[in-house]
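Visitor: I would like to learn how to read a protein model, one feature at a time. Could you take me through it slowly?

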Amino acid sequence: MPKQNSPYNAFATLLNGNGHPVSPAELHGLLLGRSCAGAGFEAEGWFADASMLLEKEPEDNVRQALIGLQEMVKGELTSDDMTVVLLLPSDDEPLPERAAALGQWCQGFLAGFGLAGGNNSLSPEASEVLQDLAAIAQVQDALEESEDGESDYMEVMEYLRVAPLLLFTEFNKKATPEAKPSLH
């Protein structure tokens, strides 16, 4: 049975075809992590961080894909929809493969968050989210093909669609001064 050409598979093909041995999930996690920690959305900073994972300077077609990915993430984090779409294998893929990608996504997120927000003080909620991500990254091999395994995977995915929004909100507060009363 041929594999569906999902966005994940298409990105994986692009990366592998250009000699970048990194999973799209880890790259997307890195981008979301750095964005949530307050790194902003400037392309050059994103390219510098991505190049560490890519193990070499990205070619033009990969750079364009990275810009597209960044624009998608920026739109998701700054819109009123409060929805994050994770770049993971499709539901047609075997559960162990999807779980491994989920772990890679969490590892990327934690690396990106650490790169961009290493000196930020964490609220108890933010600290708990990061601890949860670290735990999820470690249990990726525990999910087995079963109804319970699918259910657990879906629960974790739902959590990971919301967790970045909490961190983004906390670390990207608008730095607008309070309005001072007029003295007229």
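**Reading helices and rings**

Guide: Both F109 and F113 are buried, where buried means under 20% relative accessible area, exposed means over 50%, and partly exposed lies in between, with a 1.4 Å probe and protein chains only. This is a predicted model, in which local features need pLDDT of at least 70 and side-chain atom pairs count only at pLDDT 80 or more, while totals for chains, interfaces and linings use all residues. Residues are numbered from 1 along each chain as its sequence is written, and side-chain values use heavy atoms, with hydrogens and water left out.

Visitor: How many helices and strands are there in the protein?

Guide: Helices (H or I, at least four residues) and strands (E, at least two) are DSSP runs, numbered from the N terminus. Here the protein has seven helices and zero strands, and of its 184 residues, 43% count as buried.

Visitor: How should I read the contacts in the protein, and what share of those with a separation of 6 or more comes from residues 24 or more positions apart?

Guide: Contact means heavy atoms within 4.5 Å. Among the contacts in the protein with a separation of 6 or more, residues 24 or more positions apart account for 75%.

Visitor: How is the packing of two helices described, and at what angle do the axes of α2 and α7 cross?

Guide: Two packed helices are described by the angle between their axes and the distance between the axes. Axes are lines fitted to C-alpha atoms, for helices over the stretch in contact, and angles run from 0 to 180 degrees between N-to-C directions. In this model the axes of α2 (residues 24-36) and α7 (residues 147-171) come within 8 Å and cross at roughly 35 degrees. On the α2 side the meeting residues are L32, S35 and C36, and on the α7 side they are P164, L167, F168 and F171. The residues of this contact divide into six nonpolar, one polar and no charged, given that Ala, Val, Leu, Ile, Met, Phe, Trp, Tyr, Cys and Pro count as nonpolar, Asp, Glu, Lys and Arg as charged, and the others, Gly among them, as polar.

Visitor: Is α2 mostly covered or mostly uncovered?

Guide: Helix α2 is mostly covered, with 12 of its 13 residues buried, and what covers these buried residues includes α1 (7-17), α3 (43-54), α4 (60-78), α5 (95-117) and α7. One of the residues in α2 is R34, which is buried because its relative accessible area is 4%. Leaving aside neighbours within four places in sequence, R34 is in contact with residues including W46, D49, Q70 and F113.

Visitor: What should the 13 residues of α2 span?

Guide: The expected span of a helix is 1.5 Å times one less than its number of residues. For the 13 residues of α2 this should be 18 Å, and the end C-alpha atoms are 18 Å apart, which agrees. After α2 comes G38, whose phi is positive, near 105 degrees.

Visitor: How do I read aromatic pairs, and how many does the count come to?

Guide: A pair of aromatic rings is described by the distance of the centres and the angle of the planes. Rings of Phe, Tyr and Trp (its six-membered ring) pair if their centres lie within 6.5 Å, and planes under 30 degrees apart count as stacked, over 60 as edge-to-face and the rest as tilted. By this rule the count comes to four aromatic pairs. The rings of F41 and F168 have centres 6.4 Å apart and planes at 45 degrees, so this pair is tilted. F41 lies in the loop between α2 and α3 and F168 in helix α7, so the pair ties together parts that are 127 residues apart in sequence. The rings of F109 and F113, by contrast, have centres 6.3 Å apart and planes at 15 degrees, so that pair is stacked.

Visitor: Where in the helices do F109 and F113 sit?

Guide: An α-helix has 3.6 residues a turn, so residues three or four places apart point the same way. F109 and F113 are four residues apart in helix α5, and are therefore separated by about one helical turn. Together with W105 and F171, F109 and F113 form one aromatic cluster.

Visitor: Which ring does the charged end of R98 sit over?

Guide: A charge sits over a ring if NZ of Lys or CZ of Arg is within 6 Å of the ring centre and within 35 degrees of the ring normal. The charged end of R98 sits over the ring of Y153, 4.9 Å from its centre, and R63 lies over the face of F47, at 3.9 Å from the ring centre.
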